Amino acid sequence: MERSLVLVKPIATERGLAGAIIGRIQGAGLKLTALRMLHMDKAMAEQHYAVHKGKPFFNDLVEHITSKPVIAAVFEGEGAIERIRKLVGATDPAKAEPGTIRRDYGLDIRRNSTHASDSPENAEKEIAIFFKDKEIFR
Ligand SMILES: Nc1ncnc2c1ncn2[C@@H]1O[C@H](COP(=O)(O)OP(=O)(O)O)[C@@H](O)[C@H]1O
Ligand SMILES: [Mg+2]
């Protein structure tokens, strides 16, 4: 079974969209196995987005993700990573397909409402940043 880390980013948590976003993923048949609300600090954000260090948008990205609380979730299912990336849509909400989470709930490329893991390796790394093993249910 594949696992994916999903974050409802601060802009979407603040706008009361967590239920809708999580509900869409559950509605597509993925199993919610962990959930928490937290305010990420800079160190946590830099670890989560380590692959983007040095990119022009890195500081803005860290600033946004640490600005207010996020909701972190783990979903499990066959092909979970690709299925969730498809539901979430392209990075830029303006370019995301109609009916995707980012198209419907994203404001702009930085404040695109949702993070979803992009590979099994990254998913396992990201999950470990947010959850202890005993906080994930099966
Ligand atoms: N050009 C950009 N300007 C501002 N923010 C960006 C830009 N590109 C990406 N980001 C932000 O960084 C996050 C991580 O980027 P990336 O991994 O490329 O996209 P994705 O979240 O679709 O996997 C994006 O979700 C978005 O919030
Ligand atoms: Mg990415």
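Predicted model: local features only at pLDDT ≥ 70, side-chain atom pairs only at ≥ 80, totals over all residues.
A polar contact is a pair of N or O atoms within 3.5 Å.

**Entry one: contacts of ligand 1**

I started with Arg 85. An N or O atom in the side chain of Arg 85 is 2.9 Å from an oxygen atom of ligand 1. That distance of 2.9 Å counts as a polar contact because the cut-off is 3.5 Å.

Next I looked up Thr 91. One of its polar side-chain atoms lies 2.6 Å from an oxygen atom of the ligand.

Then I turned to Ile 109. I then checked how much of the ligand is covered. Ligand 1 exposes 530 Å² when taken alone, and the protein buries 77% of that.

Which pocket does ligand 1 sit in? I found it in the largest pocket.

I also listed the residues around it. Among them are Lys 9, His 52, Phe 57, Leu 61, Arg 102, Arg 110 and Asn 112. Arg 85, Thr 91 and Ile 109, from my first entry, also belong to this list.

How many residues of the shell are nonpolar, polar and charged? I noted 3 nonpolar, 3 polar and 4 charged.

**Entry three: Ser 113**

I moved on to Ser 113, which has its place in the loop between α6 (101–105) and β4 (114–116). Is Ser 113 buried or exposed? Its relative accessible area is 0%, so I put it down as buried. The side chain of Ser 113 also makes a polar contact with the side chain of Thr 114, at 2.9 Å.

My last stop was helix α7, which covers residues 120–130 and holds Ile 127. Glu 126 is found in helix α7 too.

I looked up burial for each of them. Ile 127 has a relative accessible area of 2% and is therefore buried. For Glu 126 the value is 8%, so Glu 126 is buried as well. Both calls rest on the cut-off, because buried means under 20% relative accessible area.

Finally, I looked up how far each one is from Lys 42. Ile 127 and Lys 42 are 85 residues apart along the chain, and their C-alpha atoms are separated by 17 Å. Glu 126 and Lys 42 are 84 residues apart along the chain, with 15 Å between their C-alpha atoms.

Key. Residues numbered from 1 in each chain as written. Chains lettered and ligands numbered in written order. Heavy atoms only, no water. Near = heavy atom within 4 Å. Polar contact = N/O pair within 3.5 Å; in protein donor to acceptor, adjacent residues only side chain to side chain. Areas by Shrake-Rupley, 256 points an atom, 1.4 Å probe, with all protein chains shown as cover. 1 Å grid on protein atoms, 1.4 Å probe; cavity = no way out; pocket = protein on both sides within 12 Å on 5 of 7 lines; lining within 4 Å. Sits in = over half its atoms within 2 Å of the grid points. Nonpolar A, V, L, I, M, F, W, Y, C, P; charged D, E, K, R; others polar. Helix = DSSP H or I, 4+ residues; strand = E, 2+ residues; numbered from the N terminus. Buried < 20%, exposed > 50% of the residue type's maximum accessible area, 1.4 Å probe, protein only.
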